[in-house]
Amino acid sequence: MFTMKDVCKQVEMPYETLKFYCNEGLVPNIKRDKNNYRIFDEKNVAWIKSLVCLKNCGMSIQEMKEYLDLCLLGPSTIPERKKILDKKREELLHKVAALQKSIDYIDWKQSFYDDVLSGKTEYISNLIDTSDMNS
């Protein structure tokens with residue numbers, strides 16, 4: 001069994017976040033010790049790791065609650081859960097593509113700057129008149 005602090009270390013989550021998730025009902029079936037402190041078993045920790053992933057996928061608290069509700073209903077809801085995950089996957093793929101475009105731009109700009117600094121290319125700007133600089 002693990003304490004809140006143990007779980008926070010394992011899943012790299014702030015204590016306040018785990019407490020919030022517990023208070024919101026996102027971590028079902030939590031047991032309490034003799035002092036009424038929450039204690040977690042391996043299954044709880046595995047579920048909390050899933051919550052971290054879902055949050056990283058961009059799920060809101062409400063979406064995580066809906067997903068949890070479906071999980072608690074058992075295997076009959078797997079098709080619905082798959083749809084939810086497919087939608088999040090598509091959203092993430094779009095974000096990855098947008099990030100790749102940004103990385104490509106930065107790589108191009110760095111290469112341009114390298115060429116200007118080495119004298120291979122004349123400096124041009126969309127913001128200032130550079131005609132006098134390159135003479």
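Trainee: Leaving aside its neighbours within four places in sequence, which residues is N44 in contact with?
Mentor: This is a predicted model, in which local features need pLDDT of at least 70 and side-chain atom pairs count only at pLDDT 80 or more, while totals for chains, interfaces and linings use all residues. Residues are numbered from 1 along each chain as its sequence is written, and side-chain values use heavy atoms, with hydrogens and water left out. Contact means heavy atoms within 4.5 Å. On that basis, with neighbours within four places set aside, the partners of N44 are P28, N29 and I39.

Trainee: Is N44 buried or exposed?
Mentor: N44 belongs to helix α3, where helices (H or I, at least four residues) and strands (E, at least two) are DSSP runs numbered from the N terminus. The scale, with a 1.4 Å probe and protein chains only, calls a residue buried under 20% relative accessible area, exposed over 50%, and partly exposed in between. With a relative accessible area of 7%, N44 is therefore buried.

Trainee: Which residues does L18 touch, not counting residues up to four places away in sequence?
Mentor: L18 is one of the residues with the most contacts inside the largest nonpolar core. Once residues up to four places away are excluded, L18 touches M4, V7, C8, M13, F40 and I48.

Trainee: What is the relative accessible area of M64?
Mentor: M64 is placed in helix α4. Apart from neighbours within four places in sequence, M64 is in contact with Y21, L26, L51, L54, K55 and M59. M64 is buried, and its relative accessible area is 0%.

Trainee: How many charged residues does the contact of α1 with α3 have?
Mentor: Axes are lines fitted to C-alpha atoms, for helices over the stretch in contact, and angles run from 0 to 180 degrees between N-to-C directions; the axes of helix α1 (residues 4-11) and helix α3 (residues 42-56) come within 10 Å and cross at roughly 50°. That makes α1 oblique to α3, since angles under 35 degrees count as roughly parallel, over 145 as roughly antiparallel, 65 to 115 as roughly perpendicular and the rest as oblique. V7, Q10 and V11 in α1 meet V45, I48, K49 and V52 in α3. By class (Ala, Val, Leu, Ile, Met, Phe, Trp, Tyr, Cys and Pro count as nonpolar, Asp, Glu, Lys and Arg as charged, and the others, Gly among them, as polar), the contact has five nonpolar residues, one polar, and, among the charged, one.

Trainee: Which class do α4 and α5 fall into by angle, roughly parallel or roughly antiparallel?
Mentor: The axes of α4 and helix α5 (residues 78-118) come within 9 Å. Their crossing angle is roughly 150°. The two helices are therefore roughly antiparallel.

Trainee: Which residues of α5 make the contact with α4?
Mentor: On the α4 side, the contact is made by E63, Y67, L70 and C71. On the α5 side, the residues are E80, R81, I84, L85 and K88.

Trainee: What distance separates the C-alpha atoms of L70 and E80?
Mentor: L70 lies in helix α4 and is buried, with a relative accessible area of 12%. Beyond its neighbours within four places, L70 is in contact with T77, E80, R81 and I84. L70 and E80 are 10 residues apart along the chain, and their C-alpha atoms are separated by 7.7 Å.

Trainee: Where is E12, a residue other than glycine with a positive phi, and what is its relative accessible area?
Mentor: Phi of E12 is near 55°. E12 is placed in the loop between α1 and α2 (15-23). E12 is exposed, with a relative accessible area of 74%.

Note on methods
Core = buried A, V, L, I, M, F, W, Y, C linked by side-chain atoms within 4.5 Å.
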